[in-house]
Amino acid sequence: MAKSKVYFTKEITPESVVKMYEALGKELPGRVAVKLHSGEKGNQNYLRPEFVKSIVERVKGTVVECNTAYDGERNITEKHEKLMEEHGWSKYFKVDIMDGEGPDKVLEIPNGKVIQKDYVGKNIDNYDSMLVLSHFKGHPMGGYGGALKQLSIGIASSYGKAFIHGAGNPEEIWSAEQNKFLEAMADSASAVAKHFENRIVYINVMCNMSVDCDCCAVAEDPCMQDIGILASLVPIAIDQACIDLVYNSDDPGRNHFIERVERQNGIYTIEVAAMLGFGSREYELINID
């Protein structure tokens with residue numbers, strides 16, 4: 001498989017996000033969903049609406065989210081919509097909680113390693129293309145959070161999240177074998193990537209790099225300096241490039257970040273995704289000034 005192109009800039013500004021999108025040379029057609037993380041109430045690290053305003057306007061997108069499978073301020077549509085207002089998303093953008101009303105849409109995964117179905121918010125059918133705008137950081141369960149997590153857990157409905165975490169058994173949401181959970185994440189990511197095929201692009205922003213996810217109400221402060229913004233048409237390649245930038249960093253906080261990734265065997269998600277064949281881990285990093 002040929003090397004994937006991953007574009008990179010050290011400059012972290014709203015304008016740079018647009019520049020990285022345009023570097024891909026791919027205009028997203030029709031109605032564009034912008035999948036990002038709305039940020040749990042109390043979290044200090046998530047990307048703010050003001051930062052992404054330029055790119056959302058550039059693609060004329062709708063900000064989309066799905067409800068969580070755990071207690072908090074985003075597990076029920078009414079609460080989630082209220083938080084979207086509190087965090088400023090609704091002020092700037094049209095916002096869509098895609099699983100706000102059931103039933104879920106089911107994406108088939110015939111070659112899934114652990115799961116053969118992915119339960120996603122049914123409103124995904126309202127969009128022709130998708131921009132996956134990820135804040136790259138650590139994660140208590142997945143080891144790290146990037147494009148693949150957004151495709152899988154992020155776009156899964158509340159039930160779908162429990163289904164993935166439980167590796168096909170929602171009753172085991174917090175007790176499934178770790179590698180089975182990571183395999184289920186790769187399976188579900190493949191389903192969404194296939195759903196949009198060549199009508200999906202990925203941007204990862206490496207800033208506010210805590211070992212904790214934006215889903216944590218109480219998260220550690222960032223342990224590493226900001227690194228930059230990456231863009232690609234291949235989610236596996238962009239996540240691998242982010243991981244490599246962390247490993248190759250001389251930042252004093254890198255070891256703490258890597259410990260979180262390795263403790264949860266996070267890179268296994270990338271490995272399984274590559275096995276499923278919807279992209280390569282091999283990439284060419286192209287610097288954009």
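The lining of the largest pocket comprises nine nonpolar, six polar and five charged residues, where Ala, Val, Leu, Ile, Met, Phe, Trp, Tyr, Cys and Pro count as nonpolar, Asp, Glu, Lys and Arg as charged, and the others, Gly among them, as polar. This is a predicted model, in which local features need pLDDT of at least 70 and side-chain atom pairs count only at pLDDT 80 or more, while totals for chains, interfaces and linings use all residues. Residues are numbered from 1 along each chain as its sequence is written, and side-chain values use heavy atoms, with hydrogens and water left out.

On a 1 Å grid over the protein atoms alone, a pocket is an open set of points with protein on both sides within 12 Å along at least five of seven lines, a cavity is a set where a 1.4 Å probe fits but cannot get out, and lining residues have an atom within 4 Å of a point. The largest pocket holds about 280 Å³ of space, a volume being the space filled by probe spheres set on points joined across faces, edges and corners. Of its 20 lining residues, Y70, H139, K149, I153 and C215 lie nearest the centre, and helix 5 gives the largest share, four residues (helices, H or I, at least four residues, and strands, E, at least two, are DSSP runs numbered from the N terminus).

The structure also holds two cavities of 30 Å³ or more. The largest cavity, of about 60 Å³, takes the largest share of its lining, three residues, from strand 7 (residues 129-135). The second largest cavity has a volume of about 40 Å³, and its lining has no nonpolar residues, six polar and two charged.
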